[in-house]
Amino acid sequence: MRLRSIAPLALGLLLQAAGSPAEDQRAQYPRLLANSYFEVGVGYIDYPFSARQLEPGFEVESVSVPHAAARVVLLGYRFNKHLAAQISYMRPVEWVKYKDVNGVPATRTVWMNVGGLTLRGSLPLGGRWALDGEGGLGIVTRKGFEIEGEDTPIVKDANYWTALVGGGLRYRLSDSWELGANAIYSPPHASTRQPHTLMLSGGFRYNMHPLSEEHVQKNMQAGFVFPRNLLQAGYASDASGYGVNHFVAGGAVPIFWGGSAQVKHGVTLHYQRNVFHTRRTFSLDWGASLSHWTSRVEGESFYTASLFPVFRFTLVRTRPFDFYFNYSLAGPTTISHVVIDGNDTGRHFTFQDFMGVGLYAGKARHLNAEVKIGHYSNGNLFPHNAGVSVPLTFNLGYTFY
């Protein structure tokens, strides 16, 4: 996917939003979200890596296979009470470790993850219990390793489509919250010598349902301003360094991501449209952006075009301004260059993430100022995923209704 293919989508979104506004229904979930859910599970993963994954001529002293793992249903959609479709992502917490290959003292890692696009069927068992069955497509990505300074692989990369099947048992705590136990399996792949993957997990599901009319009216009549449309222009610079990026991407509980490639400076244009808000604090926007960046080391120019969600939390409301924190992740993006400052970021398809703080000011909240950091990576969908870090970006914007 190149810029010329995604830019018309972004332009179409902008033109549609700029038209005559319909009746304001932003206090109700959008149609896609009204019957959707997300799910988080943690547990045990079995993927028996061994010396079998080594290329001929190599031996290993030991292979360590950690078993703690997580699986997230990023988005599920219920067609009815018996059938749903969902997008998922599964990976171990720590990577497989190969120690002392051919007697050379070193520990090398092999990482892998499984993305999924599956259908899930549900059979009520009576009362609060339900039995699930799941099946569809999975994409397995494995990043191996090679002899340092050479192109001789020791464990090869792998990236292929496969079957993904599983099942589970759920218990309904309320209309919104459920607890569940699940098993998911992908078969071995002979040509890449990839072992099977089996994960057993327990976790929770949060279901969204259309809000009651009473709830919607209370949200709409609360008197708090949630701007409908936002246009922003921004400038990014590494003049202040990457301290903020490193702070939120490091530590015991990182909340953002770094990247091997870094931006020196850049300009960006954003359009965002609010599609949902609660009474006072939370709002959801959809957005589109076009950006030009210059890399930090070689001064290489590259472009990105993105579509993305924005989760905004308005933390402080005063008479002159409202202060918010926002977070965006997994915005589908096309990037014009895949090798940046010698770092292989994967393919032209990637994802955009950003987080920042900002203000809406003025009586009608028409004025906007924001500072944020950014990141591009393909989420390990492909074996190469060096990632791109974007430093502090200063944005000025204008809202309209």
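Author: A cavity is a set of points on a 1 Å grid over the protein atoms alone where a 1.4 Å probe fits but cannot get out; a pocket is an open set with protein on both sides within 12 Å along at least five of seven lines, and lining residues have an atom within 4 Å of a point. The model is predicted, so local features need pLDDT of at least 70 and side-chain atom pairs 80 or more, while totals for chains, interfaces and linings use all residues. Residues are numbered from 1 along each chain as its sequence is written, and side-chain values use heavy atoms, without hydrogens or water.

Reader: Which strand gives the largest share of the lining of the largest cavity?

Author: This cavity has 14 lining residues, with Trp-293, Gln-352, Lys-372, Gly-374 and Tyr-376 nearest its centre. The largest share, five residues, belongs to strand 21.

Reader: Which strand gives the largest share of the lining of the second largest pocket?

Author: The second largest pocket has a volume of about 450 Å³. Of its 22 lining residues, Lys-81, Ala-130, Arg-170, Arg-172 and Glu-178 are closest to the centre. Strands 4 (83-92), 6 (107-126), 7 (129-143), 10 (158-172) and 12 (197-207) each give two or more residues. The largest share, four residues, comes from strand 6.

Technical notes:
Grid points are joined across faces, edges and corners, and a volume is the space filled by probe spheres set on the points.
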